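Student: I have a protein model open and would like to learn how to read it. Could you take me through a few of its features?

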Amino acid sequence: MVSLYWSKREASPAVSENGQDHGATAFLKEGSLRYAVEKGENSNEPTYQEVSGAPVETRSPLGYHVGSVTIMFLNLSKMVGTGVYSTPASVLKGTGSVGLALIYWFIGFLVAAASLSVYLEFASYFPNRSGSEVVYLEQAFPRPRYFFPVTFAIQTVLLSFSASNAIVLAQYLYRMSGSTPTAWQLKGVAVAGYTLAFLFVAFSTRWSYRVSNAIGAVKLLTLVFVGITGLVVLGGNVDRVPDPRANFRNAFSGFEGTEASAYGVTNALVKIIFSYAGYENAFNVVNEVKNPVRSIRNSGGLSLLVVAILYMLANIAYFSAVPKEELVQSSQVAASLFFQKVFGSAGAARGLNFLIALSAFGNLTAVLLGQSRLIRECGRQGTLPFPNFWVSTRPFGTPLGPYFVKWALTMLMILAPPAGDAFNFVVDLANYPASFFAFLMAVGLYFVRYQRKKLNLPPPSKAYRFRTWHVAVIFTILVNLYLLIMPWYPPTGGATGGDVSFWYATYVVTGLGILLACGAYYILWIYALPRWRGYRIRHERQVLEGGEVTHKLVKIPLQELEAWDREHDAQAPRSTTAQARHPVRNGEPQISRSDDTPSTFDSSSYSARDRRGQQHVLGCVVDTSLLCYFSDVVTWRRAYRSASMKRSPIKSVAVIGAGAAGAVTAAALAAEGHFEHIRVFERRETPGGTWIYDPDPGPAPRIIPGANPPETDPPLPVPNGPFPRTTSPCMQERFDRTPIYDNLTTNVPDIAMCFSDSRFPYGPFVPHWVPRHYIENYFSLHRTDSLLVLNTTVEDLSKIPGTQRWKLTLRRKDSVRHVDVWWEEEFDAVILAHGHYSVPFVPQVDGLEEHIRLFPGRISHSKSFRNALAHHDKKVLVIGNSASGHDVAAALVGSVRGPVYQSRRSRSRWEGDKPAPGIEWKPVVRKYLRTGDIVFDDGSVLSDVDTVIYCTGFKASFPFWNDHANGGPIWNYEQSRLIGSYWHTFFGDFPTLGAVGVPRVLTFRSFEYQAIALARVFAGRNTRSLPPSEEQERWERERCRLVSSEHRKFHDILWDNGETMDWLRGLYDLAGLPTLEDRGRYPPVLGDETRWAIEHLRKYPEPGRESCEDPGEGVDGWTVVQPGAAKDSLQFI
């Protein structure tokens, strides 16, 4: 039996202050297990986790400083530390031959790759939790409660030292100096080196990552140098190495000083796995990574592959330069022997030893960064004493407690064991419990899959999904099982014949002893003492002063236990909120009414039922009967993701843009009579959008050939709060002026272009001021002008973590005070209606960038064109022959010196076989010369050009879209399309986000269909439901394949093949009719007269098959295409 309930807890002041949103948490219950559904700011995917584990930190108190580069170097810096430089001799000795040693290094890569895939699948299930194994074991084995958190936490803390790496760092420093240290000298340098690493990371998270990245780059280059040098040696190009191929002859034969055995190969494999340890380091910082699954999959996988290749090259380098008999005696300084053989004892060898010492130091910092998060997560589980010590990030925003514990334990382990055995014993000791937990973690992946299937949970969405192969999981299980069994097999040299001077299995027994001690402690603490002293252990959620969230295990006396359980839910004190409990029927969670719901409603508590039998949960209104219907016919994923839609009609909507799309969107929303708060934000001083005419185009924007808006129109940095606040005026180009030129007219017949409830005053094609005034009047016609917020730019749009709501950061220029005023507003839904004709695009051409620099002002874009006066008596080249290219070239005829040169890639629909009088056609520009000449594809050259006007269109720009907060970009510039869109209007991953005006179809009229459909969906009154997210994703994939095969853009919708009618019909059917009470707007019909106009009326003459009609009032002329003539789809737009 699975039950499901939601509760809204009242946030404490500390919670509110620090941005941790714990107010909207859903819970699932299955038997004795209870699962919380929570989200973090780093991912749009919810985490379904058993509540005995540490709670999700909605906003990471350590920040979000880990990007793709940091992930790569975080893993690489931990892998490339000491292993590949220190263990080749042990590996060679254990395997008994050069060939088998190389094979084992490759096997080590396969082991790491399989294990990496296991980690990735876990991360896709828990994308909001740092700490890797801590989290994955906690969730794979939630019962016995607290057992694995306690066991893993103790062994993690006890074995969190980095003594071996610090000792190797000291060895290389002494090797560099050419001196032989005493045991205590070696320890002293190791202590100093590790202390320095501790200080590097203790005071700043951001700078610690930067330092780690810088050292990682040096480590990568050093290993690349070793590999390349080895290939040079192998090629016989180094006189110091007379026979570089000696070790590769009879590569699989043994030699003196080695003897392959089960113990030897197991020990070798342990050493190699230790050398690859670090592929998982980024999983320790998952909650500091935006889009963690995709980022770690790409960067983490790349780092492992690069390291594996370099490891093989490094070993080949060692074997090419150092005789194998000498190599097995090298202990932990194989790389130094290599440098001595190749470079001698000169300064070069010492310098390279310094680089390897730096590499070892980088490993120390990378391990500190990763393991500190792992230990911190142990502390957040509440199983360690003094949780504040482990969890707090004060005063420097770093996990200072875990850092200090690692430093203290490392000091102890450096100073206590004998220096000669420290490295091998510590490596082995750390690996045996690690293999035990890695074995359990891989097995636990199947438990997690089973539990998710049993709970009928949805798989992660496409962007956050990763499922490893069964063979990879099984391989990981078998490898770790092998590593658990084979260390018991005795070496050939007897009980003391291992790689330490004492009993060979000491580390095995020690590791098992630690695990058994952890188990004994658990039984004593959780069971024996509570029974003896009359109390029970419970966990309680706490929020610290810095916003950190943690569990704390508390002792509840038996006489108070019942009251405590009654007053607390799964994670925190229970508020007076409703709990709608849901049984399961036919494998689906059923959502039913709860009769114990309080009857009072407060807008801040979301905990009442209104008169219509609806219930307020998750901060929204839920029609419980409708939810029961959902449970019967759709998957739990669809029901959960539709929470803010069918279950809870949206009450506040923000519209970005007050052009034609914004005008009809505001009218459609207002007509529903449902929304309590509608705001239309417009950065200009009046509505009208791209139809606003600016007589003065202003300074020409900087032209960057081939650049897309993320580079030409980047986001404006948002100042730190609190808001509202003021800043000095923005000086960054915002592209707010329009591209309207003097003689521009519409090119869509008025009956098809205008909205269905109001026609243009005349037509069919009208000058630009008509639609501008039409849009402005349309706001007044529908009394939505009161919704306008003018002179206001949306500078940031971010989804609020854990909800489907949005936060807008807004900026208004105060011309009186000469400042910018910033403030924030929150909305349930947002509609993007800001148009896509603002940011000009100029393609990349050979020599164009230099031409712009040498001849400033010569290159311009049609956005800055107004009329021919500025180009009088000049030699002008127009690039492009679409609508704007046609109009600009025609306007220049008779004003410029000589003909208007027009560069065309192909013939446009309205062009004949010859250019119009006064125009000379040229092919595509091939190159701009430093002399100022312009070379075309046919080899012709144009000299002494005064002006080049690019009529090459615009690029969609979304500078306000917060990629980090929203899980990625919204626009794909390679494919010119919205990412994750459905029907060009909706977004599968963002059910409270819509777009109006993206497809170039019938402009105003098609905007109307989109706006009505969105308004109806957001009000919960749509006739047809949106399909599940899987079907929406399938539509997007199929659409991509279709337009790719037909070589057109994703949002270009054709008319002639019926595609436009199908698209509009889909929006029409989705919206349906208004309510009986006349709530809502009628979606317009597309009748015979409108369709005739679309198919027959043309703004431009059709060469050779036109019939001119009466041009009407004040229009220069238009064309009627006769019956039987070829149709022109909608390319005239």
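Predicted model: local features only at pLDDT ≥ 70, side-chain atom pairs only at ≥ 80, totals over all residues.

Student: What is the mean pLDDT of the chain?

Tutor: pLDDT is the predictor's confidence in each residue, from 0 to 100. The chain has a mean of 81, and 83% of its residues reach 70 or more. Over residues 574–648 the pLDDT stays under 50, and the model has 184 contacts for them beyond four places in sequence; a contact means heavy atoms within 4.5 Å. Residues 1123–1129 also have pLDDT below 50, with 13 contacts beyond near neighbours in sequence.

Student: At what angle do helix H12 and helix H14 pack?

Tutor: Helices (H or I, at least four residues) and strands (E, at least two) are DSSP runs, numbered from the N terminus. Axes are lines fitted to C-alpha atoms, for helices over the stretch in contact, and angles run from 0 to 180 degrees between N-to-C directions. Here H12 (residues 292–321) and H14 (residues 334–343) pack at about 55°, with their axes 9 Å apart. That makes H12 oblique to H14; angles under 35 degrees count as roughly parallel, over 145 as roughly antiparallel, 65 to 115 as roughly perpendicular and the rest as oblique. Ala317, Tyr318 and Ala321 of H12 make the contact with Ala334, Ala335, Phe338, Lys341 and Val342 of H14.

Student: How many residues of H14 are buried?

Tutor: Buried means under 20% relative accessible area, exposed over 50%, and partly exposed in between (1.4 Å probe, protein chains only). Seven of the 10 residues of H14 are buried, so this helix is largely enclosed by the rest of the structure. Among them are Leu337, Phe338 and Phe339. After H14 comes Gly344, with a positive phi near 80°.

Student: Is His551 buried or exposed?

Tutor: His551 counts as buried because its relative accessibility is 0%. This histidine sits in strand S6 (residues 549–557), and a polar atom of its side chain lies 3.1 Å from the backbone oxygen of Gly53. For a polar contact, look for a pair of N or O atoms within 3.5 Å; within protein, one must be able to donate a hydrogen and the other to accept it, and residues adjacent in sequence count only if both atoms are side-chain atoms.

Student: And which residues does Gln542 touch?

Tutor: Leaving out residues up to four places away in sequence, Gln542 touches Asn388, Glu548, Val549, Thr550 and Lys552. Gln542 belongs to strand S5 (residues 535–543) and is partly exposed, at 22% relative accessible area.

Student: What should I look for in the backbone angles?

Tutor: Most residues other than glycine have a negative phi, and most peptide bonds are trans. Asn250 counts as exposed at 62% relative accessibility, whereas Asn291 counts as buried at 7%.

Student: Where are the cis peptide bonds you would show me?

Tutor: One runs from Arg394 to Pro395, with omega near 5°, and another from Phe723 to Pro724, with omega near 0°. Pro395 lies in the loop between helix H16 (387–391) and helix H17 (400–415).

Notes: Residues numbered from 1 in each chain as written. Heavy atoms only, no water.
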